[in-house]
Amino acid sequence: MSSKVASVFLCLLWFTCIANGCRCFPKHPQRILCTQNVAFVGKVTNEVLPTSANDMYIKYHFTLLKSIKGIFNPVGSTIIVQVPFQGSLCGYKLTVGEHYVLTGARNNNEITSTTCGHFHYKVCDMTFQMVIYLFTIGQYSYKQNCICKDIINPSFEPGVFDENKGCKIPQGLNSDCYYKTGICKRQGAVCEWKNVAC
């Protein structure tokens with residue numbers, strides 16, 4: 001009897017997720033940058049809407065301003081990123097003419113970006129710390145600290161945590177501050193938060 005109840009519960013949960021769209025928890029930008037294979041800064045120059053009912057993606061054309069990871073085209077070239085519709089699973093909308101830093105996943109020469117597991121920030125909305133962590137390659141950059149990429153929020157990811165591989169966002173505090181100002185950095189044998197005054 002309990003297996004039938006569990007099956008019904010899982011079916012209801014699945015239908016709820018489909019009906020309500022994207023369901024995922026927020027991830028720290030250091031964790032995202034270290035686990036995704038594309039990151040760059042670009043200016044949106046064009047938005048191409050789908051031409052058929054079977055196409056679920058908007059294609060954004062970017063002028064490449066800076067490659068952070070995984071883009072080997074010269075500065076000034078055009079990069080195309082496909083994004084699901086804002087109302088569909090994990091989609092979002094960008095503004096033509098704005099400058100963004102975003103991550104994505106490359107598959108067969110196509111770059112896809114969603115709200116789940118990637119980030120897209122307007123450059124003008126980024127904190128000073130995030131600019132340093134993303135755009136530099138020194139000891140206080142995300143790229144140089146990818147050994148500490150397992151950054152978790154126990155509110156969403158309970159369970160065993162290894163402080164040799166990452167940092168835990170403290171519960172009950174202003175976790176948003178950790179996303180905007182903190183970097184998880186190796187200190188001796190463990191990873192620790194740096195530059196956080198939350």
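1. Order of elements. From the N terminus, the chain runs α-α-β-β-β-β-β-β-α-α-β-β, which makes 4 helices and 8 strands. Helices here are DSSP runs of H or I with at least four residues, strands are runs of E with at least two, and both are numbered from the N terminus. The model is predicted: local features need pLDDT of at least 70, side-chain atom pairs count only at pLDDT 80 or more, and totals for chains, interfaces and linings use all residues. Residues are numbered from 1 along each chain as its sequence is written, and side-chain values use heavy atoms, with hydrogens and water left out.

2. Of the 198 residues in the chain, 37% are buried; buried means under 20% relative accessible area, exposed over 50%, and partly exposed in between, with a 1.4 Å probe and protein chains only. Contact means heavy atoms within 4.5 Å. Among contacts between residues at least 6 apart in sequence, 55% join residues at least 24 apart.

3. Largest pocket. The largest pocket has a volume of about 320 Å³. It is lined by 18 residues, and P26, K27, F119, Y121 and Y179 are the closest to its centre. The lining divides into 9 nonpolar, 5 polar and 4 charged residues. On a 1 Å grid over the protein atoms alone, a pocket is an open set of points where a 1.4 Å probe fits, with protein on both sides within 12 Å along at least five of seven lines; lining residues have an atom within 4 Å of a point. Grid points are joined across faces, edges and corners, and a volume is the space filled by probe spheres set on the points. For the classes, Ala, Val, Leu, Ile, Met, Phe, Trp, Tyr, Cys and Pro count as nonpolar, Asp, Glu, Lys and Arg as charged, and the others, Gly among them, as polar.

4. Second largest pocket. This pocket has a volume of about 170 Å³. Its lining has 14 residues, of which I80, R106, N109, E110 and I111 are the closest to the centre. Both β3 (78–84) and β5 (110–112) supply at least two lining residues, with β3 giving the most, 5 residues. By class, the lining of the second largest pocket has 6 nonpolar, 5 polar and 3 charged residues.

5. Helix α3. The buried residues of α3 (residues 128–135) are M130, Y133 and L134. They lie on the same side of α3 because they cover an arc of only 90 degrees around the axis, the arc being that of the directions from the helix axis to the C-beta atoms. An α-helix has 3.6 residues a turn, so residues three or four places apart point the same way.

6. M130. Within α3, M130 counts as buried because its relative accessibility is 4%. Not counting residues up to four places away in sequence, M130 touches Y121, Y142, Y179 and K180. M130 and Y142 are 12 residues apart along the chain, and their C-alpha atoms are separated by 9.1 Å.

7. H118. This residue lies in the loop between β5 and β6 and, at 12% relative accessibility, counts as buried. Its side chain makes a polar contact with the side chain of Q36 at 3.0 Å (a pair of N or O atoms within 3.5 Å; within protein, one must be able to donate a hydrogen and the other to accept it, and residues adjacent in sequence count only if both atoms are side-chain atoms). The side chain of H118 also reaches the backbone nitrogen of T114 at 3.1 Å. Leaving aside neighbours within four places in sequence, H118 is in contact with I32, Q36, T103, G104, A105, T112 and S113.

8. E98. In the loop between β3 and β4 (99–107), E98 is partly exposed, at 25% relative accessibility. E98 and G42 are 56 residues apart in sequence, while their C-alpha atoms are 8.4 Å apart in space. Beyond four places in sequence, E98 is in contact with G42, K43, V44 and K122.

9. Positive phi. N109, in the loop between β4 and β5, has phi near 65 degrees, a positive value in a residue other than glycine. N109 is exposed, with a relative accessible area of 71%. N195, in the segment after β8 (190–194), has a positive phi of about 60 degrees although it is not a glycine. N195 is partly exposed, with a relative accessible area of 45%.
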